[in-house]
Amino acid sequence: MGRVYNFSAGPAVLPEEVLKEAAAEMLDYQGTGMSVMEMSHRSKAFEEIIQTAERDLRDLMGIPDNYKVLFLQGGASQQFAMIPMNLMKNRVADYIITGQWAKKAAKEAEKYGKVNRIASSEDKTFSYIPDCSDLPVSEDADYVYICENNTIYGTKYKELPNTKGKILVSDVSSCFLSEPIDVEKYGVIYGGVQKNIGPAGVVIVIIREDLITEEVLPGTPTMLTYKTHADADSLYNTPPAYGIYICGKVFKWLKSMGGLSVMKEHNEKKAKLLYDFLDQSKLFKGTVEKKDRSLMNVPFVTGNPDLDAKFVKEAKAAGLENLKGHRTVGGMRASIYNAMPYEGVEALVAFMKKFEEENL
């Protein structure tokens, strides 16, 4: 069997060129006589890998010099604790709840201080993004927290919240590098890479330098202090070296594709194909308010759980993998990250049309 179209939400599809390059270098990375998996993280060769990866990421996102880029471990979920441990100086933070991950992050932060949930879309199963133009931001809040693209529910902030001068912290795990962003609007941008950038095991944190201090909450482990990693250029301990190497290759691939504005066009084109079909389909329907639709994660349902299950099963047999929706929503979900080719979405829509004709 050849390559399938993989619509998984993460770990997810990676660019084929990147996988081929990694395969070619598996036994001997550029004449070192060893795999990146085997080399010391203190070696010259690895130093070049991590430094080049950071440089390319800075180029792609236009990251200003007063922001640090950290390659860490523990996934996005570990950041749920690391953020309050490092930033909750007043022990107060405001959270906007637009899905499962923001909800979990808020719950974790409650271990360290007072959490105000200043807006939520839970009343309609997170199918929209609340109006964030004039929120009751707390006077003493250390930061305002959002999950920018909601992988499970398929929503995306099209405008950032008005934080009324407070630091914005954003989890961008599932929209990382899918479009250009203005880094200076954020205090912290972070994401697990296993959705849109690389293999599981790396989380990238982009953090403004003035937020990296020694004043962290008492009891914060050395490994969970941003300053530890910032001072050591992400090499305080052995980093997830092979994962960082693959991320670096994906950054190069994105640059060769023309950068983030080209990627955005490509992603809009793919998403439009699928949403246009959903909007006219008699069998399938999208679950998200149109204005808040994600370009990355597209949930849809038939309204009949048995039919949904049949669809997922038959799609798999047709080489369209991982279309089952998250257990909290049911139905289907197509994740169409950067590395998903346009042809993959065409194949999905063609299959959906055929399924609709056979099952209406």
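**Helix α6**

I looked up helix α6 (residues 241–257) in this predicted model and found 17 residues reaching 25 Å from the first C-alpha to the last. That span is close to the 24 Å expected at 1.5 Å a residue, the expected span being 1.5 Å times one less than the number of residues. Helices here are DSSP runs of H or I with at least four residues, strands are runs of E with at least two, and both are numbered from the N terminus. I noted that 13 of the 17 residues of α6 are buried, so α6 is largely enclosed by the rest of the structure. Buried means under 20% relative accessible area, exposed over 50% and partly exposed in between, with a 1.4 Å probe and protein chains only. After α6 comes Gly-258, whose phi is positive, near 115 degrees.

**Basis of the values**

I recorded that the model is predicted, that local features need pLDDT of at least 70, and that side-chain atom pairs count only at pLDDT 80 or more, while totals for chains, interfaces and linings use all residues. Residues are numbered from 1 along each chain as its sequence is written, and side-chain values use heavy atoms, with hydrogens and water left out.

**Lys-195**

I checked the UniProt record, an unreviewed entry, which lists Lys-195 for "modified residue: N6-(pyridoxal phosphate)lysine". UniProt positions follow the numbering used here, feature names are shortened, and annotations may be inferred rather than shown by experiment. I located Lys-195 in the loop between β9 (188–192) and β10 (203–208). Lys-195 is buried, with a relative accessible area of 13%. Leaving aside neighbours within four places in sequence, I found Lys-195 in contact (heavy atoms within 4.5 Å) with Ala-9, Gly-10, Ala-12, Thr-151, Ser-173, Ser-174 and Tyr-337. The Lys-195 side chain also reaches the backbone oxygen of Ala-9 at 3.3 Å. I took a polar contact as a pair of N or O atoms within 3.5 Å; within protein, one must be able to donate a hydrogen and the other to accept it, and residues adjacent in sequence count only if both atoms are side-chain atoms.

**Arg-42**

I found that UniProt, again in an unreviewed entry, places a "binding site" feature at Arg-42. Arg-42 sits in the loop between α1 (16–24) and α2 (44–61). Apart from neighbours within four places in sequence, Arg-42 is in contact with Leu-235 and Tyr-236.

**Ser-121**

I placed Ser-121 in the loop between β4 (114–120) and β5 (144–147). Ser-121 is buried, at a relative accessible area of 0%. A polar atom of the Ser-121 side chain lies 3.0 Å from the backbone oxygen of Tyr-128.

**Seven-stranded sheet**

I traced an open sheet of 7 strands in the order β2-β10-β9-β8-β5-β3-β4, with mixed pairing; two strands pair if DSSP finds at least two bridges between them. Its edge strands are β2 (67–72) and β4, each pairing on one side only. Strand β3 (residues 92–97) and β5 are parallel and share 2 bridges, and Tyr-95 stands opposite Tyr-145 in β5. Helix α3 (residues 75–87) packs on this sheet, and its direction makes about 155 degrees with that of β9. Axes are lines fitted to C-alpha atoms, for helices over the stretch in contact, and angles run from 0 to 180 degrees between N-to-C directions.

**Three-stranded sheet**

I also found an open sheet of 3 strands, β11-β12-β14, with antiparallel pairing. Its edge strands are β11 (285–286) and β14 (332–335).
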